[in-house]
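We start at a charge and a ring, move to a loop, and end at a pocket.

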Amino acid sequence: EFDGTHNIVSILRTGDLDNNQPFDRKQFTRIRVTAFPGTTTVIHVSISVDGGTGGAWDDMNLPGPTGAQWNVDEWDIAQWGQLLVSEGESVSPETRPRGRTGSVQLVHSETKALSIRDFELRYLPVPRPVRLLPEDPNS
């Protein structure tokens, strides 16, 4: 929140990820992050495959640190806490997207602190049929 009037929305948009295998087809299955949320929060997830239109995935729910009351100026009004590494995961819809590359968009629109540390896009390789050439001892 900015001056109590505007909500700041954070958007992380990756480039086209191909795991250094640009010709291999992939079936994208899940996205994982490790993050440091200030309190329990949600990240909205979408992915586009091969530069196409994006599709929404499950939201990531990140639990925050519990914290505790601490005596400061006045009795029991301040919070103290700790940095808590929280893991979030978003699973693809029932129809998993297939393609050579995937571009991920993570959107955090709540007025809560959040730092993302690590990011992982998981996929299953899709077999690619190839034409077999007849065995020729002269080739």
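**From a ring to a pocket**

The charged end of Lys26 sits over the ring of Tyr123, 5.8 Å from the ring centre. That label needs NZ of Lys or CZ of Arg within 6 Å of the ring centre and within 35 degrees of the ring normal. The model is predicted, so local features need pLDDT of at least 70, side-chain atom pairs count only at pLDDT 80 or more, and totals for chains, interfaces and linings use all residues. Residues are numbered from 1 along each chain as its sequence is written, and side-chain values use heavy atoms, without hydrogens and water.

Lys26 also touches Asp18. Asp18 lies in the loop between strand 1 and strand 2 (26-37); strands are DSSP runs of E, at least two residues, numbered from the N terminus. Arg100 and Thr101 touch Asp18 too, leaving out residues up to four places away in sequence. Contact here means heavy atoms within 4.5 Å. Gly99 is 81 residues from Asp18 in sequence, yet 9.3 Å away in space, C-alpha to C-alpha.

Now the largest pocket. It holds about 180 Å³ of space, a volume being the space filled by probe spheres set on grid points joined across faces, edges and corners. A pocket is an open set of points on a 1 Å grid over the protein atoms alone, where a 1.4 Å probe fits, with protein on both sides within 12 Å along at least five of seven lines; lining residues have an atom within 4 Å of a point. Of its 15 lining residues, Ser10, Ile11, His108, Lys112 and Leu114 are the closest to the centre. Strand 1 (10-13), strand 10 (102-108) and strand 11 (114-125) each supply at least two lining residues.

Terms used
Helix = DSSP H or I, 4+ residues; strand = E, 2+ residues; numbered from the N terminus.
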